[in-house]
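Please open the structure in your viewer and keep the selection tool at hand.

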Amino acid sequence: MGTGNHTEPLRSRFAGDAEMVELVHEFVQELPQRVQALQGLMRASHFDELRRAAHQLKGAAGGYGFPSISESASHVEKLLHAGVGQAEISDLQSRVDELAKLCGRAVAA
Amino acid sequence: MTTGSETPSSTRPRVLVIDDSPDVHRLLKARLKQEEIEIISSESGEAGIVELKAHRPDLVLLDLDMPTMDGFEVLRAIKDNAETVHIPVIVLSGLNSAEDKVSAFDLGAHDYIIKPFELTELRVRIRAALRLNFLLKMLAQRAQIDGLTGLWNRAYFDRRVQDEVARVQRHDGALSIAFFDADHFKSINDTFGHPAGDAVLQGLGQIIQRDSRQSDIACRYGGEEFVLIMPATGPADALAFCDRLRLQIEAVVWPRHPERRVTVSIGVAGATTPIGVTAAAWVEAADKALYTAKKSGRNRVVLTDLLAGHAAPAEPLRKAG
């Protein structure tokens with residue numbers, strides 16, 4: 001993945017789209033809460049709910065014009081789809097961290 | 001018009017969106033704001049089924065991956081129900097898998113859109129589906145309408161009379177059925193030409209349609225014969241109404257042949273409570289009453305009260321002179 005080491009802001013593909021400005025703004029504002037929720041579910045090992053949340057974030061991020069977040073959420077979802085054993089936990093944790101980092105870079109405009 | 005209530009709607013088409021993600025609802029609403037459509041949202045398959053029954057949408061946008069009841073189950077439920085099977089369904093999915101597409105089409109999906117949506121693609125696919133739905137509805141309705149008079153046709157009558165008789169047996173209500181036949185119609189055609197005959201048929205259809213109630217079902221049975229199904233109408237009311245129609249028709253001055261009036265004979269079969277009569281027997285009784293009206297001099301109404309069981313010419317209403 002080419003996004004891992006960057007720290008520059010992540011802009012929506014729809015940044016210039018008048019129809020979307022308000023929605024993208026709202027999405028970005030709510031993003032930290034979503035990330036917190038994901039991390040909470042990860043800590044509590046609520047994998048079913050985590051999969052659900054990742055799935056929804058995957059769809060939403062794509063819709064709001066953040067394909068890289070969508071792709072990252074999709075990695076989390078896929079890992080959980082296969083089922084999580086002790087061996088996969090650390091892999092999963094790093095995928096969730098990666099997703100959180102990426103979300104932290106999202107800006108509204 | 002009797003048929004008016006079931007014409008394809010000229011109001012904004014209704015689109016039901018079934019998706020468990022609130023984001024998708026928000027996005028679609030923003031993306032489709034400019035479209036002339038009304039959007040209804042359901043956040044689960046189960047809720048979607050309820051909305052579907054309540055709103056009869058013109059199109060369903062359906063997410064595949066939902067917890068509890070997934071999109072495939074919803075699609076199956078829509079296509080298994082005779083009342084919703086014709087509603088086109090566009091499947092929405094983030095899974096770009098050939099297997100899912102094939103399953104969705106096998107289950108009767110109309111189209112498939114991958115999330116995240118490409119704005120223009122989304123719009124044209126929705127428009128195409130709505131256009132198809134509109135044409136299908138129109139076609140289905142055209143197939144039930146008589147081309148000359150605009151009334152329901154014989155095929156529609158045959159189906160509808162079954163439904164109405166079954167309903168009256170279940171719900172303990174009144175029902176009457178009347179057959180109308182233009183007297184000496186052949187001589188109108190022979191004397192004034194077929195266009196004049198057609199104008200008479202259109203005129204008769206118009207009068208029957210215009211004067212009957214919204215709930216009555218006016219059909220052209222064939223040739224110069226019309227039939228009117230009158231739900232919630234007992235024999236006495238049906239007789240009085242049909243005799244008013246008879247008098248109105250008799251009074252019409254026809255532009256193509258002002259010197260020649262047109263009269264009709266009418267046979268009515270009715271009952272105030274269900275009596276275990278089949279639709280076929282009901283129709284036969286009305287037809288027999290019409291035959292009696294013809295034989296006893298035309299331009300009159302003859303009533304069969306199915307409870308009394310025999311055809312009786314309506315004495316006080318028989319045409320004097």
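Accessible areas are calculated by the Shrake-Rupley method with a 1.4 Å probe, and for residues only the protein chains shown count as cover. This is a predicted model, in which local features need pLDDT of at least 70, side-chain atom pairs count only at pLDDT 80 or more, and totals for chains, interfaces and linings use all residues. Residues are numbered from 1 along each chain as its sequence is written, chains are lettered from A and ligands numbered from 1 in the order in which they are written, and side-chain values use heavy atoms, with hydrogens and water left out.

**First stop: chain A**

Select chain A and display its surface, which comes to about 5700 Å², with 50% belonging to carbon and sulfur atoms. Helices (H or I, at least four residues) and strands (E, at least two) are DSSP runs, numbered from the N terminus. Chain A is as compact as a globular protein of its length, because its radius of gyration is 14 Å, close to the 13 Å that the globule rule gives for 109 residues. This radius is taken over C-alpha atoms, and the rule is 2.2 Å times the number of residues to the power 0.38.

Of the 109 residues of chain A, 42% are buried. Buried means under 20% relative accessible area, exposed over 50%, and partly exposed in between (1.4 Å probe, protein chains only).

**Second stop: A:S45**

Select A:S45, in the loop between α1 (21–43) and α2 (47–63) of chain A. Most residues other than glycine have a negative phi. A:S45 is not a glycine, yet its phi is positive, at about 55°. Is A:S45 buried, exposed or partly exposed? Its relative accessibility of 41% makes A:S45 partly exposed.

Select chain B, whose secondary structure consists of ten helices and eleven strands. Chain B has a radius of gyration of 26 Å, well over the 20 Å given by the globule rule for 321 residues, so it is more spread out than a compact globule. Along the principal axes, its C-alpha trace spans about 80 × 45 × 30 Å. Among the 321 residues of chain B, 49% count as buried.

Select residues 154–171 of chain B, which form helix α6. Its 18 residues should span 26 Å at 1.5 Å a residue, and the end C-alpha atoms are 25 Å apart, which agrees. The expected span is 1.5 Å times one less than the number of residues.

Show the side chains next: B:Y156, B:F157, B:R160, B:V161, B:E164, B:V165 and B:V168 are the buried residues of α6(B). An α-helix has 3.6 residues a turn, so residues three or four places apart point the same way. The cover over these buried residues includes β6 (175–182), β7 (217–222), β8 (225–231) and α10 (279–295) of chain B.

Select B:A232, in the loop between β8 and α9 (235–251) of chain B. B:A232 has a positive phi of about 55° without being a glycine, and its relative accessibility of 63% counts as exposed.

Finally, select B:D63 in strand β3 (residues 59–63) of chain B. B:D63 is buried, at 2% relative accessible area. Which residues does B:D63 contact, leaving aside its neighbours within four places in sequence? They are B:I18, B:D19, B:D20, B:G71, B:L92 and B:K115, where contact means heavy atoms within 4.5 Å.
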